[in-house]
There are 2 protein chains.
Amino acid sequence: MITGKNYIGKQKSSKGERKFKTFNPLSNTENEVAFAEASTEEIDNALDLAWQAFEEFRNYSGSRKSEFLNAIADEIEALGETLIDTYCSESGLPVGRAIGERGRTMFQLRSFADLVKDGNWVEANIDTAQPDRAPLPKPDIRKMLIPLGPVVVFGASNFPLAYSTAGGDTAAALAAGCPVVVKSHPMHAGTGELVASAIIKAAEKTGMPNGVFSNLNSSGIEVGVKLVQHPKVKAVGFTGSIRGGRALYDLAAKREEPIPVFAEMGSINPVVFLPDALKERGDVLAKYYAGSVTMGAGQFCTNPGLLLGIKGDHLNHFITKLSEAIVEIEPGCMLHPNIIGTYEKNKKQVMANAGLELVSEYAEEVGANFAKQAVTTVEGATFLENTALHQEVFGPFTMVVQCEDKAQLEAIIKKLEGQLTGTLIAEGMELSKYASVIEALKNRVGRIIFNGVPTGVEVCPSMVHGGPYPASTDSRFTAVGIHSIQRWVRPFSYQDWPDQFLPEALKNDNPLGILRLVNNKNTKDRI
Amino acid sequence: MITGKNYIGKQKSSKGERKFKTFNPLSNTENEVAFAEASTEEIDNALDLAWQAFEEFRNYSGSRKSEFLNAIADEIEALGETLIDTYCSESGLPVGRAIGERGRTMFQLRSFADLVKDGNWVEANIDTAQPDRAPLPKPDIRKMLIPLGPVVVFGASNFPLAYSTAGGDTAAALAAGCPVVVKSHPMHAGTGELVASAIIKAAEKTGMPNGVFSNLNSSGIEVGVKLVQHPKVKAVGFTGSIRGGRALYDLAAKREEPIPVFAEMGSINPVVFLPDALKERGDVLAKYYAGSVTMGAGQFCTNPGLLLGIKGDHLNHFITKLSEAIVEIEPGCMLHPNIIGTYEKNKKQVMANAGLELVSEYAEEVGANFAKQAVTTVEGATFLENTALHQEVFGPFTMVVQCEDKAQLEAIIKKLEGQLTGTLIAEGMELSKYASVIEALKNRVGRIIFNGVPTGVEVCPSMVHGGPYPASTDSRFTAVGIHSIQRWVRPFSYQDWPDQFLPEALKNDNPLGILRLVNNKNTKDRI
């Protein structure tokens, strides 16, 4: 069922000469199918088709796009066990996680299906004419969101389904009316091909134009570079490392016509443990955080890599308990030998910094590709001075920073780079006492959490998954939730356009029944 | 009253050694006051103050920001004749235009005052908790827009008020809660200082923190470069040439922490004249367009520099009438010797292209700095092949392209760079007949106009002033209208945050009475 070929629109194709295989980290062996890297010709063909498709697809009604998105969810479900087995064999992740992530992926697709069917998302604005206004008549102007054009989506290593082929970026772009070309992640190219086949089936069943979706394989960087530089590409979505995301951002910025790149990148997700909370709940918190740090072998962008507290017995006790709890957890298998290799390398590198102390590390023998979790600690002053300690170690690793006092805690937070999340562990009244610390934290993150863990990114309209650079390349957008559609659209105005030729969303009689801002009032009324 | 000094917050300052003067193009003489270029120390001080101000200002209520914005409008009005005289002496523009632009500026400020007082603009979203949800409880998540940080605004040469010191970019940024540092345009530094003094007065009267606004003078590029590279600057607004805007965009993209630059740049604003319309109304259209091309000496970003028609008697007749009408109009004084110098140079340069024919040009003697308007024409095939003909000639200049047929017309539109506007001059039924031409045009522009002129940018929520590159650096935003505030804000999520510590916009009892998306329903209800 997995052929190793690319999808150039609905056509399977393998013109490239280079091949690669995926790897099963659990069995520590290569998987069987060889995947053909997309050739330059295939890239051009995919983009030509995408552009042709765009000329139709951009004007499709919300209902038609909704049918397509729901059909993708159905077809993914119909892949059944094959998808789950392939997912597991290419990621080392457990079946439960595969099923959960499939559910999340389908939920995202269906959420966007609902969004575009409902139609309110286009943010329709209408200012009616005032022909008699002095000194100049006022024209009739109407505005709505329209799609940017073909979008390239890079699959993420750590979410073979939810942030890859038919993940959030793809679902949002298709919902917006943008054709999508996926640069499949080489670690799970088989999963990618299966999902791509589901999208292609859905596109055919619901009468979408050929080229609305393509899936390209590649194990190196060349295909990605060519895609980002391609003049027919109008935006890029990426989830991954800072180095990778920044490289794509730089390429896009250097184009003759620069294009937006939304890259969701690294984060150490600082957690501030305030004294009263540690005093009251130190033991519970230690267990809770041992779980969060090691969840999914630490392979979440919201993994808590930085725990901040104020020096003293309660913090010491917490560190002891965290260290005890974390080594009781069974190590997890990482996604790929390259990922665990980088984890071990980064861990060693960060441990070489003066003042960073290893408190505990899983010590027993583990199988190949299983990550040994570790807790480290460092003085606040040392952390403040040495930004090498601020870098992410992707994996089940965390660092407890022992701050001298509130002022140092605040100084550290102000010095951090942008983060996806910040978490505050506090007793209620500490929120007032540490107001300036919280203000500083808010300014560095996209989402702030009270008495919880950063892992677990709820898919809902209120979610912000993004944040100041380098959490993302553009803090003005979220990568998760329905509003992530805003990355792929632009506002467009019609001036004095005849009603019969306006899109449905802007017609006088409001045939879609959507909420519109008409002469500065929100209303569903007809004009 | 005009001192030639910078405003570093509320402090007047002139530590730089380089000085420059503004120029009166009407009298063709330098104005008196010498302006001191901002020094590096002054730039740093302005940004330090801006950052300090941000720590307070970002949490100010909508009402407080609203008072501030209204006070700015009041103080600008209170400058009275002095402002109008200075404006005219630094721009060569007539008093009527100065008064009109002042009105527009005040209207923009008051529109943003209304927007933030009302409070709906923060796009509040609330998803309430479901503690019993299986398999995992759902947290309470709430989202709203918050300001990015200090914004640098570059004044525009062609709008000393409405797109400069207290223009749209500044008003939107202050409304968002971002302190603003203006890099004043050197051609109207006196106007800039007067407006800056009004902003500073308004800030003091309404109790804004020092540093919420600064105004820096500079005649070269160094100050602008330093500002865009400054780590405390979080976004940039610019209106001007493609070269200037792109240079700033490139600088911002190369920063360690890249920041968004919204640059509204050049445009030739294509106008498509369809055959039936030319047949019915050729004479009227010729007069109408002669006026639009020469309005304000052609110094509008929406000036119609490209007129497209299909070859034949009606187009010939239109060209004749346009040529006759345009030379009957009195030439206008351009903003500055540099501007008219560039106009004449660009005109000469474009005329050197093979196949471009001069049809008419104002021939009588004119005063220094007065621009001679010109109409040119070229064959469709020639225009299609030679993109040098697609470049903007900023001034009262237009080019009529004579297309062979509809297919060539469409091909030309598809080859154009991104534009602020596209205009269609047509009889009603031609909208169907030329549907593919219109589709192509829509894809290249931010605003499409039916049977009008592109000049005249109405300030209203439905306006899009922006468009695909190089009309702007990011087509996902508009530079005009209340939604231009979206350039300076980012979404921010609170997870499980205690109600009493949430901002007003997100509290359970909705004290602001704003419209919120609560569990996917738009409502003003309390939770």
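Predicted model: local features only at pLDDT ≥ 70, side-chain atom pairs only at ≥ 80, totals over all residues.
Where in chain A does A:E123 lie?

1. To take the opening question head-on: A:E123 sits in the loop that runs between α4 (95-118) and β5 of chain A.

2. How exposed is A:E123, going by its C-beta neighbours? There are 18 of them inside 10 Å, so the residue counts as partly exposed. The label "buried" would have needed 20 or more.

3. Stay in chain A and move along to the peptide bond from A:A134 to A:P135. This one is cis, with omega near 0°. As for its setting, A:P135 belongs to the loop between β5 (125-127) and β6 (141-147).

4. Now over to chain B. The bond joining B:A134 and B:P135 is a cis peptide bond too, and omega is about 0°. B:P135 is placed in the loop between β5 (125-127) and β6 (141-147) of chain B.

5. Which value does phi take at B:N519? It is near 45°, again positive in a residue other than glycine. You'll find B:N519 in the loop between β20 (516-518) and β21 (521-523) of chain B.

6. Finally, is B:N519 buried, exposed or partly exposed? It has 14 C-beta neighbours inside 10 Å, and therefore it counts as partly exposed. For "exposed", the count would have to be 12 or fewer.

Note on methods. Residues numbered from 1 in each chain as written. Chains lettered and ligands numbered in written order. Helix = DSSP H or I, 4+ residues; strand = E, 2+ residues; numbered from the N terminus.
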